[in-house]
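Notebook open, structure loaded. I'll jot down what I look up as I go.

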Amino acid sequence: MKIFGNYRKSKPIALLIASLLAALVTGCGGGGGGSGTVPATSTTTYTVSGSVSGISVSGLKLTNNAANEITVNAAGAFAFTTHLATGKTYNVQVSQNPTAPVQTCTVSNNAGTIAGANITDVNVVCSVLTLTIQGISNTAPGQTPIVTFHVSSNGVPVNILTTPFASLIATIAGPTTDYATYLQAKIQGSGVVGTLIAVDAPAGVFNYTFPVTGAIPLTATGSYAIGLEGYVLDAAAYPGIRFSIVSPILPFVVTGVSSAAPRRVVVDDAKCNACHATITAHNGVNRGVQYCAFCHNPNKSNDTQVARFENAIIVAQSMDMKVLIHKIHRGTALTQPYIVGGTPAPTLTNPSGTPIDFGSMTGFPAGSNVGACITCHLPGTYDIPLAQGLLASTATKFTCIEDPLLDTDLYCNTGSFNGTTIQTQPITAACTSCHDASYTAAHAATMTTTTLVESCPTCHAVGATNGIEVYHTLTP
Ligand code: HEC
Ligand code: HEC
Ligand code: HEC
Ligand code: HEC
Ligand code: HEC
């Protein structure tokens, strides 16, 4: 059986090259015409084409530049009928997902500028593997939860006891008012814990009981949420590619509330996917932006991955979702470094670890603006005040107290790497993740009381004198 998911090829590089070429072409073609110069007109036009992968596809519709809709009724090659000249942009999107069987298709390598050649590598992958969480029990503090879930491929149930995932992991995070902690348990793959049994294997229904180490914390109250992440491999046909599920999420009651309260929803997968077919972090395994917040919570700093040198002071940055994603896309417009340790973590022989300089990213593609909040946000979710009781974002400042003369390596040993937390209140964290100048931090600190109440909405709420709509684009 072949199972397909979705993945992204090196689109940003392709985009970058395409836009560089477009800039060159524009530069040459203008003939000194001043502003508003158009590329030299040419009668040559080029095709936009690509391929669709999936077991079977029926009823898939694609558009280019929101027009020229074509129906694709089989996996394989497709081409748009409208041809485009050099300098024109193309943007391929799924306008209707396959109807029989129901699948979700995603596009990659799907946008750019025509630069003297046919576009042949638009990639459409139709995901066939679906997980749904049917229920969860045993969720009081101290109990080990039992989660019931359903697996299907192209609408057909899958028996994962005979066709296992390469990796299937359950994550529990809480409380849903603002995630503060998370725990994980491996259901399938290497390092399995807990117990997986079939409820009805032919129907694709299974029960997983968490291990004792995965018990709900004794101090937990309110609602928590469970999410699943998993992928399969098809090493023969697609070496190196992990076909990942979109994480299903289910909120549940721990104690003290009568019904499960879901966490607030701030951004929309579809908006991220308009540029990213798959986010490359975590090898593309984590799909579904609501799931990211399970771990990228306000308490999460980059503590385990940050560089560890003797005799050094280093700040492990906040990995809170709003800080991380705002900063990544602000990119080169940041005034201070945002260097994050990736995987693998630092070791004795490599105290640097795997630093990733997100501040050097070119951020949004030309034509888009990171100040256009609605590009990622659901309407209104960028506005302040925020929900009550949100947590402060945390960074950790590490000071190494190891005497460098005690050993011959440069690595700061455990026990000598002492961290103190730096907390930033939630509104300030959101605004200063893009506006990172020290004078802005000073302005925000001045506008926060000693009891940590932020006065920002008085001036910056939508409709106030200096409301965010005055400075940012809140409509598309
Ligand atoms: C307007 C286009 C656009 C939108 C919308 C967008 N991004 Fe990005 N994103 C980019 C570009 C461009 C880069 C930097 C280029 C690269 O990937 O190397 C990037 C980089 C990233 C990265 C780091 C590289 C990687 O792939 O892991 C992450 C993570 C990311 N974006 C997450 C998101 C999330 C989450 C959303 C939605 C909340 C989102 N992006 C919305 C264009 C966009
Ligand atoms: C199960 C927990 C978990 C989930 C879910 C998760 N992350 Fe992460 N992420 C981490 C950890 C742990 C690190 C390592 C750095 C650290 O310790 O802070 C990390 C690192 C990163 C990094 C920086 C390093 C790198 O490898 O690029 C990015 C970017 C990132 N995550 C984006 C995302 C996005 C986007 C999502 C959702 C699509 C997501 N993460 C979901 C736990 C998670
Ligand atoms: C590249 C995508 C992207 C853009 C553009 C963007 N944001 Fe965000 N924003 C996010 C993500 C992701 C989060 C965290 C979502 C979550 O926690 O579920 C977030 C969170 C926030 C929050 C906290 C909301 C909450 O309830 O916790 C505020 C406030 C915010 N953004 C303001 C803005 C403003 C103002 C703009 C425009 C100037 C903006 N954002 C532009 C991605 C983006
Ligand atoms: C996702 C990034 C992002 C976030 C988050 C964001 N801004 Fe901005 N903001 C911008 C951009 C881009 C501009 C346009 C000027 C520029 O490029 O710096 C801008 C401009 C402004 C300006 C005009 C003055 C200036 O510095 O140019 C104000 C005031 C402002 N923002 C306030 C806020 C406040 C208050 C928040 C939090 C509620 C916020 N911003 C959150 C990106 C952001
Ligand atoms: C008494 C009104 C007032 C309050 C309260 C206030 N600000 Fe501002 N803020 C301003 C004005 C005025 C500007 C400058 C606007 C301009 O450039 O036109 C500004 C600018 C900013 C900017 C843009 C970056 C910069 O430095 O130019 C950010 C970000 C910002 N404020 C964040 C905050 C945050 C976070 C809070 C709460 C902790 C806050 N502000 C409270 C009035 C206020």
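Which residue in S4 is the bridge partner of lysine 61? I looked it up, and the partner is threonine 71.

Ground rules: this is a predicted model, where local features need pLDDT of at least 70, side-chain atom pairs count only at pLDDT 80 or more, and totals for chains, interfaces and linings use all residues. Residues are numbered from 1 along each chain as its sequence is written, chains are lettered from A and ligands numbered from 1 in the order in which they are written, and side-chain values use heavy atoms, without hydrogens or water.

S3 (residues 60-64) and S4 (residues 67-72) pair antiparallel over four bridges; pairing takes at least two DSSP bridges, and strands are DSSP E runs of at least two residues, helices H or I runs of at least four, numbered from the N terminus. Two residues sit between S3 and S4, and asparagine 65 in the turn has a positive phi of about 50 degrees.

Next, the iron. I found His326 (NE2) and His377 (NE2) coordinating the iron atom of ligand 3 at 2.0 Å. The two histidines are 51 residues apart, with histidine 326 in helix H4 (residues 321-330) and histidine 377 in the loop between S23 (355-357) and S24 (393-400). Donors here are N, O and S atoms within 2.8 Å of the metal (3.2 Å for Na, K and Ca), and water is not among the atoms, so sites may look incomplete.

Last, burial (buried is under 20% relative accessible area, exposed over 50%, partly exposed in between; 1.4 Å probe, protein chains only). Histidine 377 counts as buried because its relative accessibility is 12%; histidine 326, at 24%, counts as partly exposed.
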